[in-house]
Amino acid sequence: MHSCTSFRIAAIAALLSLGITLHAQGSGASPYSAYGFGDLLSTGQVSQAIMGGTGVAFTEPYSVILGNPASYVGLARPVFEVGTSFRRSTLTYADGKAKSSDGNFEGFTFGVPFARGKWGMALGLTPFSDVDYSANTSAPFDEGTVQYQYLGSGGVNKVFLGLGHTLWEHRPDSLGNTGSRLLLGVDGNYFFGSLEQTRNAIYPPDGTFKNVRAFSSLKLRGISSTASMIWQGDLTRKHAKDQDNWRYNIGLTAQLPVNFNATYSNLISTYTVSSDVETVLDTVQNNDGVKGKVDLPIGLGFGVGIQNAKWLFTAEVRTRDWSATTVNVGDYSFGTVLRKSMTYAVGARYKPSSEGTLLQRMVYRAGIRHLDAPAELEGQVVSGNALTFGVSIPLNQVQTNSFINIGGEYGRRGTGTTDLLKEHYGTLWIGITFTPWKGERWFTAPKIQ
């Protein structure tokens, strides 16, 4: 009995301290989602995602740009957008390869311009992070082999409501040179979700040791805001009304600190399995509903871009110092060292014409993104690169500006150490952008004829 108790204590200690092994992979979407808040999802709706996730320094006439409320002023008509993604990954580690797949709902956004284009409003529900992993490993001991299982699920979602406003602008001249203007915007954000982990130690059924399970859940609720600014001006000038000219954009965003109210639960128990039926034997530890705080630091973004009637090119950088995150909720920890994250991205958009054939009215998009993730693995920085591309296809001839957005992403991520996990993945995005028929005057006050 004494040896059984000692081994149980050792197994519990291992479950609490080990974290996710990188030498065996199960069917979860990505083992990298085991660290911190999980996989951070900041690419926005499909039209934004297929431009490398850029959005700091430009506006879209028929799409809400996530995280940039100043861009709402650029909406041409009311717009509703929804999207999904499907991802397939190939994981390479020291012992071999494994494949995983995952599908996600990318949320919805709704935006509307008003006050003759001086104001724009948007609201939506979008994922902020995703946790989905399954990893397995084994270790020998005197009576056989113990199997370790690590499972994770959950994530954090964001609800936002924001306004954008044209604070100042030049009057256009007789040739259509619009000069400069300053756009400002603010979002109010509500975050909610949970991060769940299950860790099992499974012993041979004919031995004297009992299986051990450790389950933990961190529920998060928090309020924050996002502020942004876009400065636009003429890069070249028109010398005739029918000429096109280039304009420049400079954008700044600030995702203000998030102060989460956290509730932590942790249950450790022993159990047996017989004919696929689990029987709980003993509760070793049960901490239920421990209250605390988790605070995220500010995130910043800067971008520049140029555009004309057909083309848009943009480049941006975003950063957040996750090492400044504070966790004060029981004995919970993120299980890894957090560091400053950096995202570098470039994107392009091309629309040949507003009239003509379907191919001429389609919007072609592409982008490249590099990410230094906020989590370290064995002292190594996790970094990744991705190439994105896609099209926005008009749904009919001329009556609306509704689109089907289809695109893909090919990417890879890992560390500089060859024996750690490497991930190659492909993502398919499908989304719909809906705007009302041009004869329907949404949010416009009726006039007496």
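I number residues from 1 along each chain as its sequence is written. Since the model is predicted, local features need pLDDT of at least 70 and side-chain atom pairs count only at pLDDT 80 or more, while totals for chains, interfaces and linings use all residues, and side-chain values use heavy atoms, with hydrogens and water left out.

**Overview.** I looked up the make-up of the chain and found 3 helices and 18 strands. Helices (H or I, at least four residues) and strands (E, at least two) are DSSP runs, numbered from the N terminus. Of 449 residues, 49% count as buried; buried is under 20% relative accessible area, exposed over 50%, and partly exposed in between, with a 1.4 Å probe and protein chains only. For contacts (heavy atoms within 4.5 Å), I noted that 68% of those with a separation of 6 or more join residues 24 or more positions apart. I put the accessible surface at about 21100 Å², with 59% of it belonging to carbon and sulfur atoms; the areas come from the Shrake-Rupley method with a 1.4 Å probe, and for residues only the protein chains shown count as cover.

**Strand E6 and its partners.** I followed E6 (181–202) to both of these neighbours. With E5 (residues 144–169), E6 pairs in the antiparallel sense over 22 bridges, and glycine 164 stands opposite glycine 185 in E6. With E7 (residues 211–234), E6 is again antiparallel, over 21 bridges; here arginine 181 has glutamine 232 in E7 as its bridge partner. Pairing requires that DSSP finds at least two bridges between the strands.

**Cavities.** I counted 4 cavities of 30 Å³ or more. On a 1 Å grid over the protein atoms alone, a cavity is a set of points where a 1.4 Å probe fits but cannot get out; a pocket is an open set with protein on both sides within 12 Å along at least five of seven lines, and lining residues have an atom within 4 Å of a point. Points are joined across faces, edges and corners, and a volume is the space filled by probe spheres set on them.

Which element gives the most to the lining of the second largest cavity? I found that E6 does, with 3 residues. This cavity has a volume of about 70 Å³, and its lining includes Leu195, Glu196, Gln197, Tyr133 and Phe334. By class I get 6 nonpolar, 3 polar and 1 charged, where Ala, Val, Leu, Ile, Met, Phe, Trp, Tyr, Cys and Pro are nonpolar, Asp, Glu, Lys and Arg charged, and the others, Gly among them, polar.

**Largest pocket.** I read off about 920 Å³ of space. Of its 42 lining residues, Thr59, Pro61, Gln307, Asn308 and Arg349 are the closest to the centre. The lining divides into 11 nonpolar, 20 polar and 11 charged residues. E7 and E12 (311–321) are among the strands that supply at least two residues each.

**Two residues.** Is tyrosine 271 buried or exposed? I have it as buried, because its relative accessibility is 3%. Tyrosine 271 sits in strand E9 (residues 258–274), and its contacts beyond four places in sequence include Asn200, Ile202 and Val280. Its C-alpha lies 9.3 Å from that of isoleucine 202, 69 residues apart along the chain.

Lysine 310 is in the loop between E11 (299–307) and E12, and is partly exposed because its relative accessibility is 41%. Lysine 310 touches Asp244 and Arg349, among others. Its C-alpha is 5.0 Å from that of lysine 351, 41 residues apart along the chain.
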